[in-house]
Amino acid sequence: LSRFPASHPAYERAFCEVISDCGIGLVHVHHLIGLPLSLPLFAKALGCRVVVTLHDFHLACHRYTLLGPDGHFCAIHEAEDHRLQCRLCLQAAGLQGEERSRRLALSRRSVAAADLLLASTPSSAAIAAGVYPEVADRIAVLERLSPGLETLEAARRPRPQATFEGPLQVGVIGNAMPHKGLDTLVRLIRASHDQPFALHILGATPELDQALEEAGLTADSSPIVRYQGAYDRPTLVQVLQRLHVALFLSPWPETYNICLGEAMRLGVVPVATAVGAHVDRVSHQQSGLLVPPATPLAVLQALQTLNGDRAQLAQLSAAAAAIPLMAPDTHAGRLEALYGELAPWRGQHQPPSARRAVDPQLSLAALGVRLAQDRWIEAGVRWDEPT
């Protein structure tokens, strides 16, 4: 489905049939992009416990990053009245601007259907609580697991002082996209052509290719020494072991940022934007350096500081590497404990023969929710149209 569905009867029925046929008692929603916003309501209506993990801010806004049309974080959770702010943002996206109320009316109900909302960091929890204060007491923080953690741990080595000598090795890890600070990166590259840095890019994209071309740069422009698109885990580990610094330039409030933890665990000093999960995970001048979003000058100054003070670079590296990551088994154990706190679940003590068929009349209307349209971007009132 597109990113606009509020409801879709075929998807809703299929979802309910899976819950009924498989005897599911707890539904954990990780994302609803490409799915109707209504699904948590149906899980709740069937008696399930509902858990929602906030991997980004899709439930709060059609721009899942909360970046406004100017590319800056809108800080919607701090606004006294965000209706006009949202109208301007929607209009900039080519919509009418009134759709916000329709989408928010349903997303509020979906969020309210959750027994538990999980955020990966305190900043994400605070944003969610600001947008949906009515469920603030149901929001908990559970750090994300780090996939392939055993590979990282096996690659960890103490970094001798000699490894902090020579040109400053700087990395950009992860897809280079606008919401990852692409514009800041390109401006930094232009300003660093004569700097003693070596820039390693893992995750180059067509968007970065185009941005470099428009800036009169190429993939081998100084200070770029590595320019690679897709990469595997062994390559990632190999590159991280050679880096002194990694840049995390997202202008939006990342909810966790897996790449950040991977770099830090291998002793790579982060230079990260001071927004979202970066603030939760990086202590400024203790385990890394924080800079304002969309400020290539601040990034360049941070790199010059680290290049000129290798003792500080070594101290920050050791502190970053000392911060543990969430192991999958630990994450699973804590998640299972949270599930347990929600017991009893639907059908938990019922034999399979007790499962009941889904009511063929089950719909949003039957749940007391009447939508003007199935797609929240559509104006007008469907049931008032002549037949």
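This is a predicted model: local features need pLDDT of at least 70, side-chain atom pairs count only at pLDDT 80 or more; totals for chains, interfaces and linings use all residues.

Tutor: Residues are numbered from 1 along each chain as its sequence is written, and side-chain values use heavy atoms, with hydrogens and water left out.

Student: How many salt bridges does the structure hold?

Tutor: Side chains of opposite charge can pair when their charged atoms come close. A salt bridge here is a side-chain nitrogen of Lys or Arg within 4 Å of a carboxyl oxygen of Asp or Glu. The count for the structure is 9.

Student: How many residues apart are Glu-134 and Arg-108?

Tutor: Their side chains meet in a salt bridge at 2.7 Å, N to O. Glu-134 sits in the loop between α5 (122-131) and β4 (139-141), and Arg-108 in helix α4 (residues 99-112). Helices (H or I, at least four residues) and strands (E, at least two) are DSSP runs, numbered from the N terminus. The pair links distant parts of the chain, and the separation is 26 residues.

Student: Lys-180 pairs with Glu-254. Is Glu-254 buried or exposed?

Tutor: The salt bridge between them spans 2.6 Å, N to O. Lys-180 is in the loop between β5 (168-173) and α7 (182-191) and Glu-254 in the loop between β8 (245-248) and α10 (258-265), so the bridge ties together parts 74 residues apart in sequence. Buried means under 20% relative accessible area, exposed over 50%, partly exposed in between (1.4 Å probe, protein chains only). Lys-180, at 29%, is partly exposed, whereas Glu-254, at 4%, is buried.

Student: What span does helix α12 reach from its first C-alpha to its last?

Tutor: Helix α12 covers residues 296-308, which is 13 residues. The expected span is 1.5 Å times one less than the number of residues. That gives 18 Å expected, and the helix comes close to it, reaching 18 Å.

Student: Which residues is Ser-317 in contact with, leaving aside neighbours within four places in sequence?

Tutor: Ser-317 lies in helix α13 (residues 310-321). At 3% relative accessibility, Ser-317 is buried. Contact means heavy atoms within 4.5 Å. With those neighbours left aside, the partners of Ser-317 are Arg-159, Phe-164, Gly-267 and Val-269.
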